[in-house]
Amino acid sequence: LTPNRSFGSAPDGQLFDRQIFYFVTHGASNNPASAPVPVMINEFMADNAGPGGLRDPVDGLFQDWFELYNPNTNTFDLSGHFLTDTLSNPTKWQIPLNTFIAAHGFLLVWADNQPEQNGLSPFGDLHANFQLSTGGEAIGLFAPDGTLQSSVVFGPQIQNVSMGLFPEGSTNGGYSFMT
């Protein structure tokens, strides 16, 4: 077994078809639910400008941003995960402790190179220690163990046009959004 996993039967007490469980349930009925699906990079804007762009509520500036989406039916704890704009440097910025995304919820991350603004947003937005390039680059979300959870590689961007997944969290390819 890998760390933090258990082995048993579901339903409890049956003597065949044992399995590895993602959720450890010491002293309770076994939980055969699958591992949560990774949180995804759902939408981004690497050329955000006024007046048609999105304004950061902390400093009022128009800065790069991206959105994370939780496709799971339970809240997902992102504490200790990493974000980067350089896939070869997966630990560029660590997400703070007690950062959660509700089931089917969203988390906005400002790629404004102003991590000192974390905890100041009235909406719980994060502020990463990097910015996005309008000429194109990558965004990556890595698990605490360094496993890639989600990534986007993009080319040149159009001002105030975001790109993302549609419908939310789908893998049908990227779309451009005027609003």
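**Figure 1. Strand 6 and strand 7 in the predicted model.** Strand 6, residues 82-84, pairs with strand 7 in the antiparallel sense, over two bridges. The model is a predicted one. Phe 82 has Gln 94 of strand 7 as its bridge partner. The two strands belong to an open sheet of four strands, ordered 7-6-11-12, in which the pairing is antiparallel. Strand 7 (93-94) and strand 12 (148-154) are at the edges and have a single partner strand each, so one side of each lacks a neighbour in the sheet.

**Figure 2. Strand 11 and its two partner strands.** Three bridges hold the antiparallel pairing of strand 6 with strand 11. Within this pairing, Leu 83 has Leu 141 of strand 11 as its bridge partner. Strand 11 also runs antiparallel to strand 12, and six bridges join the two. Five of the six residues of strand 11 are buried, and the strand is mostly covered.

**Figure 3. The hairpin of strand 11 and strand 12.** Five residues lie between strand 11 and strand 12 in this hairpin. Gly 146, in the turn, has a positive phi of about 90°.

Figure 4. Strand 4 and strand 9 run antiparallel and are joined by five bridges. Trp 65 stands opposite Trp 110 of strand 9. Strand 9 and strand 10, in turn, run parallel and are joined by two bridges. Opposite Val 109 stands Leu 126 of strand 10.

**Figure 5. An aromatic pair, Phe 66 and Phe 130.** Three aromatic pairs are found in a search of the whole structure. In the pair shown, the ring centres of Phe 66 and Phe 130 are 6.3 Å apart and the planes stand at 10°, so the pair is stacked. Phe 66 is in strand 4, while Phe 130 is in the loop between strand 10 (126-127) and strand 11 (137-142); the pair thus links distant parts of the chain, 64 residues apart. Phe 66 and Phe 130 are both buried.

**Figure 6. Surroundings of Ala 49.** Ala 49 is placed in the loop between strand 3 (40-45) and strand 4 (65-69). Its relative accessibility is 15%, under the 20% limit for a buried residue. Apart from neighbours within four places in sequence, Ala 49 is in contact with Phe 62, Gln 159 and Asn 160. Val 153 is 104 residues from Ala 49 in sequence, and the C-alpha to C-alpha distance is 21 Å. Asn 160, one of the contacts of Ala 49, is in the loop between strand 12 and strand 13 (162-165). Asn 160 has a relative accessibility of 16% and counts as buried. Its phi is near 60°, a positive value in a residue other than glycine.

Figure 7. Ala 10 and Pro 11 are joined by a cis peptide bond, with omega about 5°. Pro 11 is in the loop between strand 1 (6-8) and strand 2 (19-21). The peptide bond from Gly 50 to Pro 51 is also cis, and its omega is near 0°. Pro 51 lies in the loop between strand 3 and strand 4, and Ala 49 is placed in the loop between these strands too.

**Figure 8. Backbone of Asn 113.** Asn 113 lies in the loop between strand 9 and strand 10. Its phi is near 55°, which is positive in a residue other than glycine. With 42% relative accessibility, Asn 113 counts as partly exposed.

**Figure 9. The protein chain as context for the close-ups.** The protein chain has 14 strands and zero helices. Its C-alpha trace spans about 65 × 35 × 30 Å along the principal axes. Of the 179 residues, 42% are buried. Among contacts between residues at least 6 apart in sequence, 51% join residues at least 24 apart. The accessible surface comes to about 9,600 Å², and 55% of this belongs to carbon and sulfur atoms. There are 4 positive and 16 negative side chains, and the centres of the two sets are 10 Å apart.

Note on methods
Residues are numbered from 1 along each chain as its sequence is written. This is a predicted model: local features need pLDDT of at least 70, side-chain atom pairs count only at pLDDT 80 or more; totals for chains, interfaces and linings use all residues. Side-chain values use heavy atoms; hydrogens and water are left out. Two strands pair if DSSP finds at least two bridges between them. Buried means under 20% relative accessible area, exposed over 50%, partly exposed in between (1.4 Å probe, protein chains only). Contact means heavy atoms within 4.5 Å. Accessible areas come from the Shrake-Rupley method with a 1.4 Å probe; for residues, only the protein chains shown count as cover. Lys and Arg count as positive and Asp and Glu as negative; His and the chain ends are not counted. The place of a charge is taken as NZ of Lys, CZ of Arg, CG of Asp or CD of Glu. Rings of Phe, Tyr and Trp (its six-membered ring) pair if their centres lie within 6.5 Å; planes under 30 degrees apart count as stacked, over 60 as edge-to-face and the rest as tilted.
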